[in-house]
Amino acid sequence: MECQVCANLEISVEKPPGASPLSFIALLKVYRELLVSRIRNTQCLIDNLIKNDYFSTEDAEIVVQFPTQADKVRKILDLVQSKGEEVSEYFIRVLQKVTDAYYELQPWLDEIGYEPSENICSKPVVNTDPVSRYCQKLRYELGRDSKFVMSYAQREEMLLEEVYSNSIMELVSFTNESLGEVCQLEALFDDTVGLINEDGETIYVFGDAGIGKSILLQKIQSLWARKELDIGAKFFFRFRCRMFSCFKEDEAICLKDLLFKYNCYPDQDPAEVFHHILQFPHTVLFTFDGFDEIYSNFDLSSVPEMCSPNEPIHPLVLLVSLLRGKLLKGSKKILTARTGTEIQRNIIRKKVLLRGFSSNNLKEYTAVFFKDEGQRTLVLNQLEANPNLCSLCSVPLFCWIIFKCYEHFHSMSDSHELPDCSVTLTDVFLLMIEVHLNRSLKTSLLKNNTRSQAEMFKSKKETLLALGKMAYKGMENSFFIFEQEEVSSANISEEDLQLGFLRTVKGYSGCDNQSTYEFLHLTLQSFFTALFLVIEEKVGAKELLQFFNECSSTETAQLTCLRIPWLKKQLAGEDPFRNNEHFHFTNLFLCGLLSRSKQKLFRHLVLPAVVKRKRKTLITYLGESMKSHLKGLTRSRFPNYNQIQVQPNFVWMLRCLYETQSEKVGKLAAKHMHANYIKLTYCNAYSADCSAISFVVHHFQKRLALDLDNNNINDYGVKQLLPCFSKLAVIRLSVNQVTDHGVRILYEELSKYQIVTFLGLYNNQITDVGAKYVAKLIEECSSLEYVKIGANKITSEGGKCLAQAIQKSKTMFEIGMWGNQVGDEGAKAFAEALRNHPRLTNVSLAFNGITTEGGKSIAEAMRHNNSVKIFWLTKNELDDEAAMSFAEMLKVNNKLVHLW
């Protein structure tokens, strides 16, 4: 209807060239119904008209007597027009200046080309619109809250702009197949890229613990507060999902209180602000951080599918209704959770996978962290020399811990360097604990005044035990927020709190009169839980392994969040929000803390006999667990290979084995590997996991096939696989962020052993430089038969090198080049390679920018080829002339079975 009004109005005001512009009174008359339909706040107009003596109090009283908003606007227009041209212009000036309140009229103001007169410019305009003022307050408070990042040491605040560094963000499908990277944060809200469900309303961001989900939301919050995020959002409400665990089962709250009480409250007319939000939900942006951290006994099956925005109900129901679009339908929502937390597809609009730092991201972050160029160069050199440590640094949280520890010890002793041996995640967290404990010491003028790690832990045994006990109790129930009473009952003193392992969080419902606490990060709670299991002598075998049992249960593996009655049948007594990653980290740290290398550290904390007993229990369990993980062999498509597709939990098992740093354990695991084709696809393995894979695989006695497609291995991971290459005959690293540097490592290592038959590098970041290394490998390694290197960034230069290498090779069976850009020059080179090739059977040059010229060259060469049976040339630029050439070729080539 409004569009029709606008159209009619536009027609009615068309004037012949040279006609004088309409007066302001005439403008208000002509556009009267447009103004009536789009002015939603009258109080701001009245306030400004009174302030400038254009309206009397009697005028205002007349206006407010009208029952509807539209009638009030009509009366204001009548009064303004009756008072003359100046008042009419000032009325339009208010609409122009108070953009937040009258944003729908800004296109109209542009259309009429309004420019205020000098007289009207001198008249003040004050924004008294409660909605606008609330938006301003929100921006101020969220900007203030997001300006600083509280460091994990809680001893300093760091400017977000000086800490935030970009990491790899990837849009993915429901099955986690890549749909492209996110280069700008606005792209998260752009439906032209990565949209997988137009009916969903939630952007689901997921990744491992510590990968940067929370700081990403803080960055988005900061950009919105500074008006640098142009997505049409006037309101921004952010929630940490673990707060919903604080609400009691019988607690109820309305949507208005949830929004205002837990963000910021309007100073004026909250009812009008809330009404505006209900009327315009598309102007609202929500962020919900850590969906997997909700722990609640509330029975979602007892509530109706629909709920009212005005009626009090349990906060979890409000959360679920917001995510499903049953409340504030059309609002924008970002939900974060750890990997493995599956969300129902019908609420998801986009899926975004955070992969951590690339090598360039890590260099950028190092430059941000270490301002001193000399220190920065030293750190980068040491990281380059230690790929294991470099891999850990691809996870932003672990990178921060490592850098912070380096910074601390460097300040205490100028000679301190990063470790130059194998470093486990347990080592990193022990170092973090040591740094925190060191800070509790009184400093002296001398730098090197720190105690040894063992002495430090011994002096703080009771503190570590108290923190561990509380962490353990929370971990048992997947509970991450602790009230003051729980802290006190664990005998955690004020001095202990000052160490910085716990931080206070805003009081939630039921906790407003006292402090509530959480560990600095979920992984730190897992670490203290494992520490408690080691140093508490009363812990028996059952308690020691309880979190392994939590993770190994098939019923609890990969639970689906939002498993509520109207979405999917829920198992009786099942927690719909549960995720097991915190248990996995606890198990990993337990393996690290019970390793032989840590015995010296713990001999003053717990009896050696107790540690020995617990270690024996753990090693026995790990051995039996490996047996069960490696059951179920299937025949591979490659001859002489028995394949096993392992589950994502197997990666956690490998991580645990690596944390033990026991060669005996590694050999035992390899012994149980009866399969010789290990398929670890889509297991969310990242570069540091390659250390764990190598830890086991290098003990394998026979040749092995290793499939790591669709993970996050990158160049650091390739370097971590060095101990394996002497065993690997098949290696698949497709969709893994591998660059030319990683390809160079592959060439240098695989050419040494001359056993590789299959190399899969599809969909990585490989350019012509990397293609040349693959070409050299084809030339030098006669065992190589299959090369998959499609969907990279290879042009004609790299294509020619590969073609020339294939031409020289007598053993190449298959080459996959789909999705590069070799063009006609590359096609001509491949044509020469195909001519009379003795063995090449499968070829793909699809989607390579090949035109008629290149196509005719290939067709001519195929007249002289008797080996190729399958040839893919789809998605090129071939015309009828090229088609005729291929038709003529097929008359003489009777070996080619499939041509696409």
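In this predicted model, the side chains of Arg 338 and Glu 581 meet in a salt bridge, with an N to O distance of 3.9 Å. Arg 338 belongs to strand E8 (residues 332-338) and Glu 581 to helix H28 (residues 581-593), so the pair ties together parts that are 243 residues apart in sequence. Arg 338 is buried because its relative accessible area is 3%, and Glu 581, at 5% relative accessibility, counts as buried as well. The cut-off behind both assignments is a relative accessible area under 20%.

The salt bridge count for the model comes to 36. Another of these contacts joins the side chains of Lys 752 and Glu 749, at 3.2 Å from N to O. Lys 752 and Glu 749 are 3 residues apart in helix H35 (residues 740-753), so about one helical turn separates them. Lys 752 is exposed, with a relative accessible area of 54%, whereas Glu 749 is buried, with a relative accessible area of 11%. A further salt bridge is formed by the side chains of Arg 835 and Glu 832, where the N to O distance is 3.8 Å. Arg 835 is partly exposed at a relative accessible area of 28%, and Glu 832 is partly exposed at 39%. Salt bridges can also share partners, and in this way Arg 240, Arg 242, Glu 293, Arg 503 and Glu 518 are joined into one network.

| Arg 338 | Glu 581 | 3.9 Å |

Which side chain of opposite charge is nearest to Arg 93, a buried residue without a salt bridge? That side chain belongs to Glu 89, and it is 7.3 Å away, whereas a salt bridge requires a side-chain nitrogen of Lys or Arg within 4 Å of a carboxyl oxygen of Asp or Glu. Arg 93 lies in helix H7 (residues 85-97), and its side chain is joined to the side chain of Gln 96 by a polar contact of 2.7 Å.

Asn 52 counts as buried because its relative accessibility is 12%, and its side chain reaches the backbone oxygen of Asn 48 at 3.0 Å.

On the surface, Arg 596, Lys 612, Lys 616 and Lys 664 gather in a patch of positive charge. One of these residues, Lys 664, lies in helix H32 (residues 663-671), and its relative accessibility of 68% is why it counts as exposed.

Most residues other than glycine have a negative phi. Tyr 682 is not a glycine, yet it has a positive phi of about 50°, and it is placed in the loop between strand E17 (677-679) and helix H33 (689-697). With 39% relative accessibility, Tyr 682 counts as partly exposed. Val 735, likewise not a glycine, has a positive phi of about 55° and is found in the loop between strand E19 (728-732) and H35. Is Val 735 buried or exposed? Its relative accessibility is 13%, and therefore Val 735 counts as buried.

Two pairs of C-alpha atoms relate positions that are separated along the chain. Leu 588 lies in helix H28, the helix that also holds Glu 581, and Leu 588 is buried, with a relative accessible area of 4%. The C-alpha atoms of Leu 588 and Thr 424 are separated by 9.9 Å, although these residues are 164 residues apart along the chain. Val 539 lies in the loop between helix H25 (522-535) and helix H26 (541-544) and is buried, its relative accessible area being 6%. Between the C-alpha atoms of Val 539 and Lys 614, which are 75 residues apart along the chain, the separation is 8.8 Å.

Terms used. Residues are numbered from 1 along each chain as its sequence is written. This is a predicted model: local features need pLDDT of at least 70, side-chain atom pairs count only at pLDDT 80 or more; totals for chains, interfaces and linings use all residues. Side-chain values use heavy atoms; hydrogens and water are left out. Patches are made of residues with over 30% relative accessible area and no salt bridge: like charges are joined within 9 Å, nonpolar side chains (Val, Leu, Ile, Met, Phe, Trp, Tyr) within 5 Å. Accessible areas come from the Shrake-Rupley method with a 1.4 Å probe; for residues, only the protein chains shown count as cover. Lys and Arg count as positive and Asp and Glu as negative; His and the chain ends are not counted. The place of a charge is taken as NZ of Lys, CZ of Arg, CG of Asp or CD of Glu. Helices (H or I, at least four residues) and strands (E, at least two) are DSSP runs, numbered from the N terminus. Buried means under 20% relative accessible area, exposed over 50%, partly exposed in between (1.4 Å probe, protein chains only). A polar contact is a pair of N or O atoms within 3.5 Å; within protein, one must be able to donate a hydrogen and the other to accept it, and residues adjacent in sequence count only if both atoms are side-chain atoms.
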